[in-house]
Amino acid sequence: MAKAKIKFADVNVTVTVPVGTRIIEISEKVGSYIAYNCREGDCGSCFFTVLDGADHLSRPSALEKNTLFAHFQSILDGWRGAGDIESLQAMMRRENFAGKECRLACQTQVFGDATVSPL
Ligand code: FES
């Protein structure tokens with residue numbers, strides 16, 4: 001069976017896993033701080049960012065894209081509700097996703113070496 005190495009940068013742990021393993025299955029075992037809830041792609045709580053090897057991960061399914069879109073849309077809605085520029089800037093700093101590839105750990109399979117971290 002083909003194997004891949006996945007590194008969890010937040011806990012500085014690298015593990016070798018069978019190709020096709022989902023990120024959430026590994027993150028729990030190594031103690032990474034990637035949160036989760038439904039494990040089915042619906043709740044949007046298992047965000048992580050890909051630091052290296054994005055091409056070695058499964059491509060986002062329609063379900064994952066829809067969940068990510070809904071989450072970011074809700075963030076934008078929250079930003080639109082900011083009462084003043086100071087609170088808007090504070091919200092933007094707190095949830096700065098610029099330059100980060102955001103994925104769902106319960107939906108992403110490993111097909112090759114990659115490095116990931118909680119968002
Ligand atoms: S745990 Fe709910 S979307 Fe991944």
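Me: How many helices and strands does the secondary structure of the chain come to?

Reply: Three helices and five strands. Keep in mind that this is a predicted model.

Me: In what order do the elements run from the N terminus on?

Reply: The order is β-β-α-β-α-α-β-β.

Me: And what does the C-alpha trace span along its principal axes?

Reply: About 55 × 30 × 25 Å. The chain has 119 residues, and buried residues make up 18% of them.

Me: On to the sheet. What is the order of the strands?

Reply: The five strands form an open sheet in the order 2-1-5-3-4. The pairing is mixed.

Me: Which strands stand at the edges?

Reply: Strand 2, residues 13-18, and strand 4. Each has a single partner strand, so one side of each is left without a neighbour in the sheet. From one strand to the next, the twist averages 40°.

Me: What holds paired strands together, in general?

Reply: Strands of a sheet pair through backbone hydrogen bonds, parallel or antiparallel.

Me: Take strand 1. How many bridges join it to strand 2?

Reply: Six. Strand 1 covers residues 3-8, and the two run antiparallel. Lys3 has Pro18 in strand 2 as its bridge partner.

Me: What about strand 3, which strands does it pair with?

Reply: Strand 3 is residues 47-52, and it pairs with strand 4, residues 102-104, in the antiparallel sense over three bridges. There, Thr49 stands opposite Cys102. Strand 3 is also joined to strand 5, residues 114-118, by four bridges, again antiparallel. In that pairing Asp52 stands opposite Thr115.

Me: Now helix 1. What does it touch on the sheet?

Reply: Helix 1, residues 23-30, packs on the sheet and touches strand 1, strand 2, strand 3 and strand 5. Its direction makes about 140° with that of strand 2.

Me: Which residues are buried in helix 1?

Reply: Ile23, Ile24 and Ser27. Seen down the helix axis, the buried residues fall within an arc of 90°, so they line one face of helix 1.

Me: What covers them?

Reply: The cover includes strand 1, strand 3 and strand 5.

Me: And what follows helix 1?

Reply: Gly31 does, with a positive phi near 85°.

Me: Let's look inside. Which residues of the largest nonpolar core touch the most other members?

Reply: Ile23, Cys46, Phe48, Ala105, Val110 and Val116. That core has 15 residues. Strand 1, helix 1 and strand 5 each give it two or more. Strand 1 gives the most, with three residues.

Me: Pick Val116. What is it in contact with?

Reply: Leaving aside neighbours within four places in sequence, Val116 contacts Ile6, Phe8, Ala9, Ile23, Phe48, Thr49, Val50 and Leu51.

Me: What share of contacts in the chain join residues at least 24 apart?

Reply: 68%, among contacts between residues at least 6 apart in sequence.

Me: Last stop, Asp55. Where is its place?

Reply: Asp55 is in the loop between strand 3 and helix 2, residues 62-80.

Me: Is Asp55 buried or exposed, and why?

Reply: Exposed, because Asp55 has 10 other C-beta atoms within 10 Å, and the cut-off for exposed is 12 or fewer.

Me: How far apart are Asp55 and Phe111 in sequence and in space?

Reply: Asp55 and Phe111 are 56 residues apart in sequence. In space they are 8.6 Å apart, C-alpha to C-alpha.

Notes:
Residues are numbered from 1 along each chain as its sequence is written. This is a predicted model: local features need pLDDT of at least 70, side-chain atom pairs count only at pLDDT 80 or more; totals for chains, interfaces and linings use all residues. Two strands pair if DSSP finds at least two bridges between them. Axes are lines fitted to C-alpha atoms, for helices over the stretch in contact, and angles run from 0 to 180 degrees between N-to-C directions. Two residues are in contact if their C-beta atoms, placed from the backbone, lie within 7 Å. A nonpolar core is a set of buried Ala, Val, Leu, Ile, Met, Phe, Trp, Tyr and Cys residues joined through C-beta atoms within 7 Å. A residue is buried if 20 or more other C-beta atoms lie within 10 Å of its own, exposed if 12 or fewer, and partly exposed in between; C-beta atoms are placed from the backbone. The arc is that of the directions from the helix axis to the C-beta atoms.
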